[in-house]
Structures are given as structure tokens and as C-alpha cells.
Amino acid sequence: MARLCPAAPLLLLGALLGTGTPLRPGSPLPPGPLLLLGSLLLPARPALAGGHVPALLWSTARSQWNPEPALHEGHIVSAQELAVLLQPVFSPSPRNLVLFLQETLSIDDFTYYSESYGNKNPFQNVQEILQSSPSSLVLPAVDSKATTQLLSFLQESGDWNLTNMTNLDVSHLEVNTSKPNLLVVQLQPLVSGLSEISTLEAMAENDKIIGRLTMDLEERGIHFSAIYTAVRPSRISRRTETMWNLRRQLMATEEDSSSYPPVNVTIGNNTCILFYAGNFSLKANSSVFIDLTNATFVIQNVDVSSSVCSDVNTTLSLKYTKPVNGINSLEIRFIMTNKFYEGSARYWSTLDSVEIEQDEGKIATFNVSVISAPAEYSFHCQLVGTSTLYPARLIPSNSEASNWDVFISSFQLQGFNVENGQFSYASDCTGFFSPGIWMGLVTSAVLLWILAYGVHMIMQLTANSRFDDPKGPALSVPQTE
């Protein structure tokens, strides 16, 4: 395949926008920078299926990025190339960096959600920021392995004053400009399995957070660079244009490829507990958001030494030190049992309760519904949490539990009979009769009843035994007959 010149994608973009000249990262974007993402989407589409995410970079300094190393068509930015592109961030001016990190994001999100909902643009603030920034750079496809380790790379690349913003409140943010600052903003996760409108609202809320923090820093006169990216790509369910492809996948199980290994508890040489989640987050007092996904699975900054393994009772203990500002310690315990049930003549493993303990204080306890599986299997459920909309619920059992909200997606847990350090066959929480199937069965039953009643009424019709002769006298039928 012929190799394009470095400015080829930008020349193509200039032609599409009617400018006739190549667009450079250092120049302001014309109206509608989402067209930029849409045009870059076409060459990047074949590579997105392998785990690639977009990265948007902007800075208050001019000529921050040299246009020479522009992307080739369909090019995937590796970890080494991303490190080279980020070198201007570590230059003497500016020395402040903001990392907006989202759980999932794909280049398709910018075009699909913006075009599908009319005036509801969930990326309005990002669009205006790219327009007004003196310097910006759009990377449509970055290897997700590079973005997964991006925070660790940034921490090792400079002597930063690290600030983790998880409560997303910028009013009390203090920035000491006498030394370099690295602000890490953990954006709200886009929980899979919810409706598209809910995903759209979550994206719009993240966009507001980006705009609010950017405006606050600019009003203070603080020079900074910013990176907006995600840990792993999202999966977008098309409506009309891909309905045929989705129809063929109804009986198939779609699993997101794991970008990180599960948490395991190993005693000696034997692994006794495995735990995995695509998103693992909590909310305390309906205000403090705690995203534990990266700490649990990516960087594995979690202590599992208090876990207990046996053939009957198993406890998975996850301990975190200062997961967010204001919380010194947090422990989450999954308590499981293995019992023999005479009705099925086999052993079943059940998740009986979940406990949350903050700062070694009062314990919030949740009862668990429908999380069970044969003892030889693991348990899997797409959505587990305190929401009433989730198929597997955590039900508060004391007053402390009412202060916590739990959100877990792509949940998989196995506490017994782990072999070779891998999950066994998964027993899923999704039943065979989904709401759509029940609606179809009920509708069919009503129609069949109407048809049967109509056929029955037709069969009851009888012909008259006597008929009037129009040329003769009127036919008289006595009432007694």
C-alpha cells in the first residue's frame, strides 16, 4: 500500500472543509471540529477493532506540537510514538498538565452521538476548546495499551505535584504554580448495558466537567496542557445501519476483550479466587465518586492479603489506601459460601453479602440477589450494583449501606474450584426469557385467543330453515317454534 505524505490527512481535511489548505495542529480549527474527527474516522476504522482509543491534546502555548510528524492514513500511535508526541508537554512552559481520563471512548462516539440526536451535542465544550486553543493535536487511534500506562508514564517523566480529582469539584481546587502540577481527572464511566440516552447524558456531563475545569484554569491565568483520552475503546450499538448485523448476533455472546487480567488470590501455588470487572466504581453519600477500576485491575494498587479461602467459606478482601481525597482506607469484602443442595443434588457457590468498610469505621452491608452458580463454574453478569435496573442487585441491609451506591459492569467472580488460574465456564445471570421474548409470547397468545374466538363464533352460525317467498304470502313463524 502506498504511503501517504505526513500532511495528507490534513490536506484531505482541508479539502472537505473547503479551505483548500492543510490544517496544522498549531492553527485554530474551523467551525465544526467534529468534522475533523469524522474525516479521521474513515482511515482509522479498520484499526479500531483491535483496542484503540482517540486522544485529544491542547495547550495554552502556541506551536506546542510540530506538524511534521503528522499521522499517516490508518496509522496507530504506539506507546513509543505517543511518548515522543508528549515531549513538548514536559518543556519549561507550560509546566502544568491536566489528564482527563475516561473509562471507555472511541472515535465513533464523536460522530455517532453528535449526528444521532440533533441539537444535543455531548461534545460542545470540547469542540469550543479545540477551536479556541492556540495549539491542539488530534490522535484518532492510539494503542489502548499505551493509554492504560499513560498515568504511570507521566508520573515517571517529571517531578509532579500530583492531584487526583475524583469528586469533580473545581471550586476548591488549589494549584501551586511554583512547581509542576499534574491534575488527574477521573471522568464518569459510561456503564455498558444502559440506554443510549443514558450514555449520551454521561458524555455530556463529562464534557461539562472538561469545560468547567478548563475555564477555571484560564480565568486564573494558569498556563497548561491537557490530554483527553480513555483506557479502552467503547462499543457503540448502531441502530438502523447495522440492525441486520446485530440480528445475526442475537444468539451469540458478545464479550469485550479484557485489556487487563483479573484479580487473583493465590495461597502457595494455588489460585483460589478470581475477580474481574469492566468497571468497578462506588459513590459515597451521593456526591463522592470513587473509580476503583484502574487501582484494582490496571496498576493493581490493591491489597488482597486479608482474603480467606476454604472449601466452604471464601472471602475476597480488597483494601485500598487513600483511593480519593478524604478517605484514608477503604475495604470491600465479597463473602461467598459453597453448599450442597439436595434438590439439585450438587454443590452451589453463592455470593451471600458484600461489605464496605471506610476508615475502619462502621460497616455497610449489602444482601445479594441471584448471584449463584454451580460450584465448578464462575458467575458472570453484565451489570451488578445497587440500582433497581440491574439484573443482579446489592440490597442494603443496614443504615450505613444506604450511603453507598455500587456500579459494576462485566462482573465475573469465582471463589471455588479454580483450575490453572483461569475462570471456569461462566453461569450468566441473564435468563432465557428476556423482556422482549415475554412481550412477543404474550402478544402471540392474545392474537391466538382472538383467532380462536372468531373461528368458534363462525362455527356457531346456522342457516334459516324457512325462507320468505316474495311472490307469495308472508311467512309467519309462531313464537313457540
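The model is a predicted one, in which local features need pLDDT of at least 70 and side-chain atom pairs count only at pLDDT 80 or more, while totals for chains, interfaces and linings use all residues. Residues are numbered from 1 along each chain as its sequence is written, and side-chain values use heavy atoms, with hydrogens and water left out. The protein has 11 helices and 19 strands, where helices (H or I, at least four residues) and strands (E, at least two) are DSSP runs numbered from the N terminus.

**Overall make-up**

- Of the 481 residues in the protein, 45% are buried, a word that stands for under 20% relative accessible area, with exposed meaning over 50% and partly exposed in between (1.4 Å probe, protein chains only).
- Among the contacts with a separation of 6 or more, 68% are between residues 24 or more positions apart, a contact being heavy atoms within 4.5 Å.
- The accessible surface comes to about 25,700 Å², and 54% of this surface belongs to carbon and sulfur atoms; such areas come from the Shrake-Rupley method with a 1.4 Å probe, and for residues only the protein chains shown count as cover.

**The second largest cavity**

- A search of the whole structure finds 5 cavities of 30 Å³ or more; on a 1 Å grid over the protein atoms alone, a cavity is a set of points where a 1.4 Å probe fits but cannot get out, whereas a pocket is an open set with protein on both sides within 12 Å along at least five of seven lines, and lining residues have an atom within 4 Å of a point.
- The second largest cavity holds about 100 Å³ of space, a volume being the space filled by probe spheres set on the grid points, which are joined across faces, edges and corners.
- Its lining consists of 13 residues, and those nearest the centre are Met336, Ser349, Leu351, Phe379 and Leu413.
- Two or more lining residues come from each of β13 (346-358), β15 (372-374), β16 (378-385) and β18 (404-414), with the largest share, 3 residues, from β13.
- By class, this lining has 7 nonpolar, 6 polar and no charged residues, where Ala, Val, Leu, Ile, Met, Phe, Trp, Tyr, Cys and Pro count as nonpolar, Asp, Glu, Lys and Arg as charged, and the others, Gly among them, as polar.

- β13 pairs with β14 (residues 363-368) in the antiparallel sense over 5 bridges, pairing being called if DSSP finds at least two bridges between two strands, and Glu355 stands opposite Thr365 in β14.
- These two strands form a hairpin with 4 residues between them, and Asp359 in the turn has a positive phi of about 50°.
- β14 is also joined to β17 (residues 392-396) by 3 bridges, in an antiparallel arrangement, with Phe366 opposite Pro396 in β17.

**The second largest pocket**

- The second largest pocket has a volume of about 560 Å³ and is lined by 26 residues, of which Leu151, Asn164, Ala295, Ile299 and Pro323 lie nearest its centre.
- β11 gives the most to this lining, with 5 residues, and the lining divides into 12 nonpolar, 12 polar and 2 charged residues.

**The loop between β18 and β19**

- Asn417, in the loop between β18 and β19 (426-428), has a positive phi of about 55° although it is not a glycine, and this residue is partly exposed at 43% relative accessible area.
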